[in-house]
Amino acid sequence: MKLLIADDEQAVRALVHVTLEGDDYEILEAADGLEALEVARDENPSLVLLDIMMPRLDGLEVCRQLKSDPDTRDIVVVMLTAQAQDRDRDQGLAAGADDYFTKPFSPLALLNMVERVRQTPSQAG
Amino acid sequence: MRRLRVQLTVLLALLGLLVVAWGATIFLGARDAARTNASLLTTVDRFDALRRRSAELGRSFVSIESSRRAYLLTGDPGSYEAQLQAERRAKQLFGEVRKRAAPWRPILAPVVDQVAGDYRSWLLAGRLELRARQRGGSAAAARVAAGGRADRSFQRLRGRQTAFEEQLATLQATTGRSQGRTYRAAQTLALRTAVMVLAAVVLITFYLRRAVGAPADALRSASGRLARGDLDTPVELGVENELGAVASDLETMRRRLSGRMEALERLRHLSAQVVGATSLQRLTEVALGGLQPEVGATRAILGVVRRGGELRLRALAGFPDAGVADDIVKADPEIREVLPMTALRTGQVIGMTDLDQVARSETLLGLVARMGIRSLALVPLSSRGSFLGLLALCWTDRHLLDREQEALLGLAGNQIAGALEAALRLEEAERAAGEARAVFYAIADGVLLTDPYGRVTAINRALESLTGWTEADASGRPYADVLPVTGEQLLTRYGRKVPVVVSSAPILDPGGRVVGGVDVIRDVSREREIDEVKSALISTVSHELRTPLTLIHGFAELLVLRDMPIERRRSAAEEILEASRRLARLIDDLLSVSRMESGRLVLDPRPLDLAAVVERMLSPFRAMATTHTLRAKLPGALPVVWGDPDKVEQILTNLVGNAIKYSPEGGEVLVTVEHNEDSVQVSVRDQGIGMSPRDMGQLFEKFYRVDRDEVRRAGGTGLGLYITKRLVEMHGGHIWAESWPGVGSVFAFTLPTSAELAGSRGR
């Protein structure tokens, strides 16, 4: 299973990497929004983990564009937000995100979530 | 002064005399007339008797003649006898005539003698004829008679006798005339006396008119004028009698009344003037000016009771040296002991003289000498029952108040007190208005006042600068023109929109009617900005805190729950360590800002070897640097720099850290130290992304971050340069930056070389 982690913090990407290591995930990385959009379109991952506060294009906009494009609409988008306010969560859901994680998040919870997505038949591919 | 009475007495006496004289004249004249009348009657009787005898004598002559002629003709003895009888009768009559003519003998005697002579010659001639008859008969008698001697004698006698009677008649007429003259004389005398009496009466009347009547009229009209209140015309009669004395008294009365009226008039004038005096100084001057002509005082002091009941000096007038005010104030406690306050509070005017004798203490003696006064009048100023203060009138000479002056000062005191009350009230109102005005204009919020019709009457400075309207332009305009507020935004005169909070209240008069309105307009753009900054801060801090926290949490959880090879564990621990450092730095920065802003950050300046500090600071960077070259360019001899070593290192670390952070492609970071006159300049140059002038605008401000992807990617709190700038300024230096996008940036700062400057900004 292919998944994309988009976060401007290298350490956060590394954490996701380490968390999902060894379970035959193909992990793609992006350091900003535009890059995330490009990679998502090119690689068509099953899951995208999107940080909201990113340079060039923020996570909400990336999510919106992915969900408005028929080719990428089926990608499961999970927001990673450092902002715990309801406003941010609502904005994320409004932009079409399927789920969200608030930083700091539990790597095991992330792993569980990813597993759930993998086992959902429609999402397989 | 007794003249009128004397004159009147004399005049009446004179008049009496005249009347008596008149009466006497009339009495005497009447008596004379009566007498004359009586004598006249006698004379007339006598004349009548005389004339009767004379006539009888004449008749006896006729009867002698006729008897003689009858005898001559007839020779009758009877006729002869009759002739003799008639002759006897004639003789008798002659005697009577002579006797009766005796009073007029001188006049009548010759005539009677002549008649008698003619009678005798006639008798002789008659006898001749008689004898002739007796002897010769009738013929002889006729002859003798023919001679006519007897006839002629008779005729002569008759003539004589007629003449005598005529003389008698003449004499009788003469006597009558003389009697008439006597009457006329008496009449004339009475008339003259009457005229004199009349003249005297006229004279007396005239005199009385002049001496009594006219002055009395003048007095009457003068007293009438006085009664009507005309005090300007002097009372003057020009006579020196009792009426004159009355007039003189009236004149004195008029003068006094007039003086009183003038004093009242001046008092009224004083009242009008003091009412116009709005300052206490002016009031004192006007009061002195008004009272000086009345009582002669040349200086005045005004004391006013304060709220606490103490009398305080408020104004002086007429003192050549205004400095005495200080002396009076200094002597205040002693003056207070001497002042008869109780009497003054009852409204009594109190005069004091020979102050140099009265003053008991050295201080008061000195004060009296300094003031140069000898007498005082203390005039209490009370209005509607409350004691407001005291007007002290001063004389430089000895002056005793008389009762009139005392009363006048009491009255004047009432007038001045009224004005004083008004002046004090005005003073208080002006003070309050001044305070209100000062508050109005000084208050930081915009304030706008309107009339009941919503027209602007005033705006303050804050509102002028907020709206762009000047007070002069705004006055009289409708409220909505000057303050167009929609929602919570004010549209300024120049089209800018400013967020505001407006609170309004009506201005009410004591009766509760609306006389205007007040609007307080607070410019909340700063608050809004702060709100925005605050939420940006929270957002940033939250983000910056959560990112390292995510790493710590995540890697720690993995370490705990998952078996990992040793090198993985090590790298996870390193991530945790780095994230912890980052958290610590962030917290340090936040605390620094907080301490600096509250003034709790204190420098510990000391002489520094700047070269050593630079080298020490660079070494960790060099150790970590992979793509950057770190170089220091230091002059051979550096002066000693004053600074806090930790803080100077922090400044350098921040700048070098930024230089590395914002040159992601790597390159050289050059730290240069140069020596200027009394400072040392340190610059940090990089070859990084650089900034446009627009980006540099708020470079050194709190939480400012250049809005570019590279910058955002680089991460940071937006506090580093702010803290750096504050630290440089606390050292007495300054910091600036130059930058070119794509070329790189230079950040430079100075540090002073003298101890005085260093730390002068720190506390």
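Colleague: How many residues of chain A are in contact with chain B?

Modeller: In this predicted model, 20 residues of chain A are in contact with 21 residues of chain B.

Colleague: Which helices of chain A each supply at least two residues of the side that touches chain B?

Modeller: Helix 1 (10-20) and helix 5 (107-119) of chain A each supply at least two residues of that side. Helix 1 of chain A gives the largest share, with six residues.

Colleague: And what is the make-up of that side of chain A by class?

Modeller: The side of chain A that touches chain B has twelve nonpolar, five charged and three polar residues.

Colleague: Let us turn to chain B. How many helices and strands does chain B have?

Modeller: Chain B has 22 helices and 18 strands. Of the 763 residues in chain B, 28% are buried.

Colleague: What share of the contacts in chain B with a separation of 6 or more comes from residues 24 or more positions apart?

Modeller: Such residues account for 63% of those contacts in chain B.

Colleague: Now the helix packing. At what angle do helix 17 and helix 22 of chain B pack?

Modeller: Helix 17 (residues 566-598) and helix 22 (residues 720-730) of chain B pack at about 40°, and their axes are 10 Å apart. Helix 17 of chain B is therefore oblique to helix 22 of chain B.

Colleague: Is the crossing of these two helices left-handed or right-handed?

Modeller: The crossing of helix 17 and helix 22 of chain B is left-handed.

Colleague: Which residues meet there?

Modeller: From helix 17 of chain B come Asp589(B), Ser592(B), Val593(B) and Met596(B). They meet Gly720(B), Tyr722(B), Ile723(B) and Arg726(B) in helix 22 of chain B. By class, this contact has four nonpolar, two polar and two charged residues.

Colleague: One more topic, the open sheet of six strands in chain B. What is the strand order?

Modeller: The order is 7-6-11-10-9-8 in chain B, and the pairing is antiparallel.

Colleague: Why is one side of strand 7 and of strand 8 of chain B left without a neighbour in the sheet?

Modeller: Strand 7 (456-459) and strand 8 (485-486) of chain B stand at the edges, and each has a single partner strand, so one side of each lacks a neighbour in the sheet.

Colleague: How many bridges join strand 9 to strand 10 of chain B?

Modeller: Strand 9 (residues 489-491) and strand 10 (residues 497-508) of chain B run antiparallel and are joined by three bridges.

Colleague: Which residue in strand 10 of chain B is the bridge partner of Leu490(B)?

Modeller: Leu490(B) has Val498(B) as its bridge partner in strand 10 of chain B.

Note on methods. Residues are numbered from 1 along each chain as its sequence is written. Chains are lettered from A and ligands numbered from 1 in the order in which they are written. This is a predicted model: local features need pLDDT of at least 70, side-chain atom pairs count only at pLDDT 80 or more; totals for chains, interfaces and linings use all residues. Axes are lines fitted to C-alpha atoms, for helices over the stretch in contact, and angles run from 0 to 180 degrees between N-to-C directions. Helices (H or I, at least four residues) and strands (E, at least two) are DSSP runs, numbered from the N terminus. Angles under 35 degrees count as roughly parallel, over 145 as roughly antiparallel, 65 to 115 as roughly perpendicular and the rest as oblique. A crossing is left-handed if the near helix is turned anticlockwise from the far one by less than a right angle, and right-handed if clockwise. Two residues are in contact if their C-beta atoms, placed from the backbone, lie within 7 Å. Ala, Val, Leu, Ile, Met, Phe, Trp, Tyr, Cys and Pro count as nonpolar, Asp, Glu, Lys and Arg as charged, and the others, Gly among them, as polar. A residue is buried if 20 or more other C-beta atoms lie within 10 Å of its own, exposed if 12 or fewer, and partly exposed in between; C-beta atoms are placed from the backbone. Two strands pair if DSSP finds at least two bridges between them.
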